[in-house]
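Have a look at it first, then read on.

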Amino acid sequence: MHINFVIYFKIHVNLSKLVKSVGAIYIKPCKEFIMVLRLEGVKKSFRNSEELVPVLQGVSFDLEAGHTLALRGESGSGKSTLLHIAGALEAADAGRVWVSGKELSQLDDGARAQLRRTDIALVFQQFNLIPSLTVAANIAFQSALSGTPDLGHIKQIVSSLGLLEQMQKYPEALSGGQQQRVAIARAIAAKPKLMLADEPTGNLDEATAENVLDQMLKLVAQTGTALMIVTHSKNIAARMNRQLHLCNGFLV
Amino acid sequence: MTTWCLRALLSHWWRNPVQLFAYLAGLALATALWSGVQAINSEARASYDAAAKTLGEGQYDLLIPKQGNRIPQDVYILLRKSGWLVSPVIDARINDVRLFGIDLVTSATGLPNLAKEPSGITYDTLLANEETALKVAMLANVTVDTSIAPGIAIGDIGLVQRMLKRDDLTHLILLPNQPITQPSLSMIAPNLRVQSAHTVTNVAQLTSSFHLNLTAFGLLSFAVGLFIVNSTIGLAFEQRRGMIRTIRSLGVPMRTLISLITLEMMTLAVIGAGFGIALGYFIAAFLLPDVAATLKGLYGAQISGTLELRASWWLSGMILALIGTALALSSRIWQIIQMPLLASAKPRAWVIATGSRFRLQLIIAITLLFSTVPLALILEGLLAGFILLGCLLVGAALALPPLLGGILTVVQKYTVAPVWVWFWADTRQQLPGLSLALIALLLAVAANIGVSTMVSSFRQTFIEFLDQRLAPELFVEVETANQSAALEIFLMNRQIEVLPLLTTQVVIADLPVDLYGIRVGQTYRNNWIFLDNTLNAWDIIESGKAVVVNEQFARRADLWVGNLVQVNRDLILPIAGVVGDYGNPQGQVIITERTFKDLYPNLYASKFGVRTQDASFLRTQIVNTLGIKNNAIINQVGIKALSLEVFERTFVVTSALNVLTLGVASFAILMSLLTLADLRVPQLAPVWALGLTRRRLAWLELLRAVLLAGIVFVCAIPMGLALAWILLTIINVEAFGWQLPMYLFPLKYLELGGYALIAAFLAAMWPAVRLMRTPPSTLLRVFASER
């Protein structure tokens with residue numbers, strides 16, 4: 001546990017159930033008040049061949065360090081889009097997003113890339129492993145991008161996720177579930193401040209899914225990582241600190 | 001970050017060695033053919049420069065005989081005594097070596113200082129390079145000097161005269177700084193004339209169009225090879241699209257990624273180009289003997305038989321390869337920059353993205369193709385020809401993929417059977433990956449059609465031309481005026497038609513020209529065919545009131561039928577006819593024998609055409625009765641055979657490059673299919689699961705390759721014919737000065753089409769066999785990985 005002193009400006013104006021942030025001076029030493037992720041009025045639309053389809057219509061929420069959040073909703077409700085915006089992979093059409101205190105719209109490509117390198121770890125729905133690297137290299141990849149990988153930490157993750165015997169194999173030789181575990185191991189190995197996972201246990205059996213979730217929650221507990229999971233599983237959602245439902249572009 | 005990112009990028013090639021091979025091989029082939037051609041050209045150029053430097057060609061005015069090639073020594077002595085500063089030269093051949101005899105005392109500066117010690121020659125030593133020294137070593141002492149051009153040996157004039165057993169001279173160098181007061185040449189030596197240094201057509205100029213031809217072919221081969229490179233870069237990019245997305249997602253900045261991809265691809269390009277340059281050296285070494293023989297036969301040019309590693313050609317190969325790679329890479333880099341971070345890597349998205357690119361390509365293609373017509377009308381010159389060629393080739397290349405897409409869409413629309421509906425749709429799906437290889441095939445086949453049409457048209461025209469010009473059964477060359485008169489009397493007494501030929505070199509319309517005097521008779525009237533002529537042309541010419549010119553002169557002087565030609569100061573005659581004169585770089589003006597003799601009374605007919613029913617008997621009579629040497633008499637069959645042999649050898653190199661280009665295109669198809677094979681598994685797995693066997697799928701792959709090659713061949717025919725037209729009508733005319741009629745050879749085209757289909761079939765066979773042998777577990781894994 002470490003103490004962070006965060007100075008930020010915040011003025012709360014209570015207008016019914018909406019909170020408007022203007023500015024205030026506040027000094028808060030406790031880690032649970034460290035805002036790792038903040039979204040304010042985020043909107044996003046996509047154009048298909050005929051029309052503009054709104055996917056997110058003003059989403060706002062916060063996620064503090066060491067907290068976990070499950071994002072649920074129907075297929076096509078915009079969960080993955082929200083995850084991508086939070087992960088600085090896509091830009092919102094409107095609204096503001098802060099990660100580790102930095103507003104994403106103010107950052108150039110290099111700064112966003114650095115944020116993804118050092119502060120954010122993503123677990124994609126399609127795994128997105130690098131097919132020409134071995135499992136070992138894939139797992140170490142993100143942490144190696146930002147510095148020297150912690151080999152002891154990696155070894156511990158690999159062992160706990162049951163990947164020891166797959167280390168020298170290539171992703172094409174693994175099953176979907178094994179690939180998913182590799183993707184999760186890569187994210188955990190990076191020791192991020194914010195972990196965003198899109199259906200991380202979708203390909204896994206129940207026991208393995210529980211094990212994987214345990215590892216992720218362990219990381220949260222040990223390092224104060226904030227965790228947001230997109231999931232259909234009620235069991236997984238129940239183990240998070242909070243659940244948010246996305247419906248028709250709004251959080252309910 | 002840099003190390004790990006580079007490691008990820010390079011790991012793609014480690015895991016996809018076929019792609020890496022395709023990339024390196026494509027570059028190597030492209031560079032090899034270009035470098036090989038440039039190596040030949042630069043070797044030839046170096047030889048020409050060395051010869052010109054050695055012999056001072058084009059540096060000094062010369063005094064040459066108005067007729068024949070010998071100057072009596074006493075003429076030289078008389079000139080010297082009269083105050084003319086001249087230096088004697090003998091220029092003759094012995095043992096296939098050009099023997100150059102100069103006067104050590106009076107030789108002009110600029111020639112090798114032959115009196116220097118210790119490595120210089122003496123009055124009894126020849127100077128030659130190592131290769132030439134071996135050929136003359138048995139005739140005289142030789143000192144090796146590597147600065148001497150190949151095929152040339154230089155020595156003191158006295159030594160050379162003794163070696164040749166003659167005491168006359170070939171020409172006199174007019175030294176600079178002549179005294180102001182000296183008697184005129186016409187008084188002292190009326191049989192000599194001044195040949196200005198500027199009018200000497202040196203070998204480099206003569207052979208420039210031949211080398212241009214080679215360069216054009218080398219460039220075409222380079223372009224075809226670059227298509228392989230472009231195709232491979234494109235396929236690698238598509239296969240790495242997912243990896244690039246992942247790397248970016250994990251935090252690698254765009255700038256870093258672009259820099260590393262550029263570094264990676266350019267480093268591989270250097271390696272590939274290096275292999276290509278080495279391969280080019282061997283290709284050049286293989287083709288050099290044929291090129292040397294062609295140049296010697298056509299132009300009398302001698303080039304070295306050994307190939308040197310000159311920076312001019314290998315550096316040009318390397319630079320061109322890097323520029324070509326950079327161009328191919330730039331569009332992909334641009335795509336990476338434009339690509340949304342989370343862009344799909346799926347093939348359908350690729351097709352959709354390519355669709356809009358196809359539309360733009362089609363617009364550019366149509367613009368280029370339609371612009372060829374006004375350009376052909378407006379532009380002139382060799383550059384115009386190359387611009388037209390470029391528009392045609394690039395336009396057709398860009399038009400091919402959307403055209404193929406359109407054809408496949410239409411065919412699919414009218415197909416009912418489900419397997420075939422899938423087949424056409426799947427073929428459209430493959431177009432982005434195959435289009436570059438198919439473009440390479442289109443260019444190669446079109447180039448083959450175009451060049452083979454040109455060569456075959458040339459061959460047909462040349463054979464007809466030889467039949468015209470080689471109507472006389474015998475050709476006799478005499479050495480003296482007495483022999484000339486004796487021969488004519490001998491033949492006329494036997495009522496044998498004799499065609500004397502008087503000739504000298506003059507300048508007409510500011511052009512160096514061969515002036516001929518002929519005796520107009522039935523042979524000329526019946527055999528010579530005019531390209532353009534007035535009515536009763538031969539009658540007017542025979543009366544001495546008009547001239548005939550060859551096409552080269554007509555084009556260069558822009559003087560045609562009806563225009564006036566100033567034959568000399570006092571004689572101006574109209575042109576009554578223009579004749580074709582294929583293979584001759586020099587302009588010709590032809591007047592009657594009588595008119596010639598009026599202008600040059602001291603000149604005699606040194607060559608005769610003789611009509612006879614029994615050539616061998618007459619030859620024997622001439623030799624025995626008149627003492628003319630046997631080797632001074634050539635029969636028509638011999639000349640025709642020699643001319644055809646030179647002709648065929650001229651195009652050996654072109655044919656070789658033609659075949660190589662087609663081979664490169666086939667290789668491009670093979671590499672594209674192999675590299676696409678891995679991408680195909682997820683596309684074919686569902687179809688296999690629905691009931692199509694692997695064997696049937698493999699046969700469909702073969703059919704697809706052959707069908708696409710067939711469509712490409714059909715598209716290549718009009719393109720190739722247009723290419724042939726441009727070559728024959730514009731480029732040939734500008735380069736050589738004469739125009740050939742265009743003939744069509746449908747059977748040849750069909751034969752070529754057969755080769756193209758076989759090449760495509762063979763190229764598709766390996767991937768098809770691989771598909772047939774793909775284990776079901778590999779196909780099933782596709783479904784296990786799907787979510």
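1. Strand E7(A), residues 68-73, makes a parallel pairing with strand E13 (residues 242-247) of chain A over five bridges. Strands are DSSP runs marked E of at least two residues, helices are runs marked H or I of at least four, and both are numbered from the N terminus. Two strands count as paired if DSSP finds at least two bridges between them. Within this pairing, A:Leu71 faces A:Leu244 of E13(A).

2. A word on the basis: this is a predicted model, where local features need pLDDT of at least 70 and side-chain atom pairs count only at pLDDT 80 or more, while totals for chains, interfaces and linings use all residues. Residues are numbered from 1 along each chain as its sequence is written, chains are lettered from A and ligands numbered from 1 in the order in which they are written, and side-chain values use heavy atoms, leaving out hydrogens and water.

3. E7(A) also pairs with strand E12 (residues 226-230) of chain A, in the parallel sense and over four bridges. Here A:Ala70 has A:Ile229 as its bridge partner.
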